[in-house]
Amino acid sequence: MTSRLQLTLALARKDWRLFWADRRSAVLCFIVPVLLASAFGMIFHRPAHITTGSKLPILVVVEDDDPFTRQAAADLLNSSRFDAREVTRSEAEAAVSERRPAVAIVLPAGFSRLKNWRPGVPNERPRLELLHHPTTTAERQLAEGVITEVVMKRIVSESVGNFMKGREDAPAPPFAIVPASVSPHPQAQFNSYSHSFCGMTLQYLLFWGMESGLLLLRERQRGVWIRIRASAAPLSCVIAGKALATGFVALLQVLVTFCVGNVLFDVKIDGSVIGFALLAVAACGLASATGLLVAAIGGTEARARSISIVVILGVSMLGGLWVPGFLLPAWVQEVSLALPTTWAMRGLESVTWQRGGFFDALPSFVAVAGFAVVLLAVAALKLRMTERSARQGHR
Amino acid sequence: MPLPVTLSLVDVTVSYGDRVAVDRLSLEVRRGEIVGLLGPNGSGKSSVLAVAAGVLDPTTGTVTMNGRERSADPAAFAACVGLVPQEAAIYDELTAVENLWFFGELYGLSGSDLRRRVMRALARVKLLDRAEHRVNTFSGGLKQRLNLAAALLHDPPVLLLDEPTASLDPASRDAFFVDLTRFRDDGHTILITTHHLDEAECGCDRVGVLDQGKLVACGSPTELLRPHAAERAVLYGHLRTRPPKYLERAIRRRLGSRAELEVTGRRLRLSANTSEELGEALAMLLAEGVELDAYRTPAGALERALLENNEEPLPQSLP
């Protein structure tokens, strides 16, 4: 009498053979996540020596010939926060409309009246125009702040010029800002490649799960499914075999992707290795559950593929697999806690570049494993109902 | 002394919603016997086979294999059945050996026993030389032979074949039936569905004729092919083009009560009380310009049941 385990292994071996039967497609399964992770990592990569000195590109238009205005323009052009150049208004408008760059400052005629400004004295204030592309918010706000700082310094310099004459730090603010990075692990250094390799690996695990589910869907529409049903194999073994094969290939994907990341981009597991292993297994379980869910509720192959792609891309984006979650709006960050991808990403980032320990990864592992078990149970239940219905001739 | 009954269907009904696909069918198949289920598309042949294979539960009635119902021991029931679905139920991406190995494992076979059985099954269907070839390089005939080999692996006493020759050329069909006869002689019980009259006539020991889910006739091909003299003379034809309605009405008026004409799509049925009257009616039809691709006058119940609903062009050409 064949044990259920033997049957399950036989079914999993069959899927493993089918996976490798198309060698090119199988190899692509490993290459694509590596390529995408490399591309994403490269885009967001900032070498340590320039991360503190990134400058905002900006254009400066000067429409006033007064020496005070010229001096203010020179201060803007020389500001360490700006990568600025002077242009005419028409050139600035044309460039900003195409986001090349996205912000321009116009020092208008009459701007020099500011040199006579005194606190508490009502005067007509010159209007300093800030041209910006409609899609920019952060750049505009940064430019506003820096312009305010530079112009105020110039005004103060004009007002107390004689008094401060000869001093190098003249109109410097009477305080110093000292940046200090605060994180649970002080030695943690953000590595954009670590983030992108975690994110793209997770995303491709879900895509692999989808492909595996579509294979089951195709199988169920072919004669082989009748043969399998006519044999002694219980449905639970068929489901377990499919989950096992999908999970095993997914685990191989994780291994290959992170090995390549380590060799090429110094992606390391700086935190708990056991935590990483547990999270990898849970994420592979999630891929298996995704596949079975696709097969269970997908209906036709075309419909299942379309819906799955939308869902996977959606949960990838919201879960912070493409860009770090903190860049997303606050409400999205809160909503995304209901997604397994958010937890998986948090966990993987924790045990890679954030140097988190086993207990830092544990909540994420529990969450991802929980999602996988629930989705697997739903898929198994639906497949069982479908099979029962087929056996009864859809009565 | 007759051989024991291996497969028994008693009062089996299969319904899909409101539609009754199999209507209170009872059939016994004995050891070492090839029984053919003959009928047009939609007559319920595949449903009968699915019920016999245990992949479809009958709405009412019982199916027993060697006296045991499926519900008593599904694994033992499954071990008794070798199913050959109409579509080649094998993985195109795998080799012949990989396919058979997997299907063997499904039936609990393993190790050297499975290896021996795989080789034997390949030898039985003459595919040993293609053992390591991928199935997607096989012709339709070779795929069907591998399909059969997959059903033979666990040496089941009962083979159920669902229109196995549907995609085969005449030579492959003949070879396939030679194989089936050999398996019958080896002691297998074989239930096969077909809508080819010649297959039922030449390849089967007994034939059951299905019409709209009912078993309307069952017996040896010789019995079923015996003409029924008392019945009306009938001619079935396949029209080259459907005549216009006014012409149909005109022909019916001229035929009067001597003969009856029915046209459905490009299929034609002409019936009369005697064969002479039928001949006259046919001559009149041709004189009116009606063109027939082929026609056939059925000889007995077997042909009649088949031809009533057959969509395929009939084999006999006009002289």
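Biologist: Let me start with one residue: where in chain A does Arg355(A) lie?

Modeller: Arg355(A) is in the loop between helix H14 (340-351) and helix H15 (358-391) of chain A. Helices here are DSSP runs of H or I with at least four residues, strands are runs of E with at least two, and both are numbered from the N terminus. Before we go on, this is a predicted model, in which local features need pLDDT of at least 70, side-chain atom pairs count only at pLDDT 80 or more, and totals for chains, interfaces and linings use all residues. Residues are numbered from 1 along each chain as its sequence is written, while chains are lettered from A and ligands numbered from 1 in the order in which they are written.

Biologist: Is Arg355(A) buried or exposed?

Modeller: A residue is buried if 20 or more other C-beta atoms lie within 10 Å of its own, exposed if 12 or fewer do, and partly exposed in between, with C-beta atoms placed from the backbone. Arg355(A) has 20 other C-beta atoms within 10 Å, so it counts as buried.

Biologist: What is the phi of Arg355(A)?

Modeller: Its phi is near 60°, a positive value in a residue other than glycine. Most residues other than glycine have a negative phi, and most peptide bonds are trans. Arg24(B) also has a positive phi, about 45°, and is not a glycine. That residue lies in strand S2 of chain B.

Biologist: Why is Arg24(B) called partly exposed?

Modeller: Arg24(B) has 14 C-beta neighbours inside 10 Å, so it falls in the middle class, partly exposed.

Biologist: Which two residues does the cis peptide bond join?

Modeller: Arg100(A) and Pro101(A), with omega at about 0°. Pro101(A) lies in the loop between helix H5 (89-97) and strand S3 (103-107) of chain A.

Biologist: How do you know that the span of helix H4 (residues 67-78) of chain A agrees with what it should be?

Modeller: The expected span is 1.5 Å times one less than the number of residues. For the twelve residues of H4(A) that gives 16 Å, and the end C-alpha atoms are 16 Å apart, so the two agree.

Biologist: Which residues of H4(A) are buried, and what makes you say that they line one face?

Modeller: The buried ones are Thr69(A), Ala72(A), Ala73(A) and Leu76(A). Seen down the axis of H4(A), they fall within an arc of 100°, so they line one face of the helix. The arc is that of the directions from the helix axis to the C-beta atoms. An α-helix has 3.6 residues a turn, so residues three or four places apart point the same way. On the other side of H4(A), Pro67(A) and Asn78(A) are exposed.

Biologist: What do the buried residues of H4(A) pack against?

Modeller: They pack against strand S1 (56-62), strand S2 (82-86), S3 and helix H6 (138-159) of chain A. Contact means that the C-beta atoms of two residues, placed from the backbone, lie within 7 Å.

Biologist: Over to chain B: why are strand S2 (19-30) and strand S5 (68-69) said to stand at the edges?

Modeller: The open sheet has four strands in the order S2-S1-S4-S5 (chain B), with antiparallel pairing. S2(B) and S5(B) each have a single partner strand, so one side of each is left without a neighbour in the sheet. Two strands pair if DSSP finds at least two bridges between them. Strand S4 (residues 60-65) of chain B and S5(B) are joined by two bridges and run antiparallel. In S5(B), Arg68(B) is the bridge partner of Met65(B).

Biologist: What makes Pro85(B) count as buried?

Modeller: Pro85(B) has 27 C-beta neighbours inside 10 Å, so it counts as buried. It lies in the loop between strand S6 (81-84) and helix H3 (96-106) of chain B. Leaving aside neighbours within four places in sequence, Pro85(B) is in contact with Gly223(A), Ile226(A), Arg227(A) and Asp162(B).

Biologist: How many residues of chain B are in contact with chain A?

Modeller: 32 residues of chain B are in contact with 24 residues of chain A. H3(B) gives the most to that side of chain B, with five residues.
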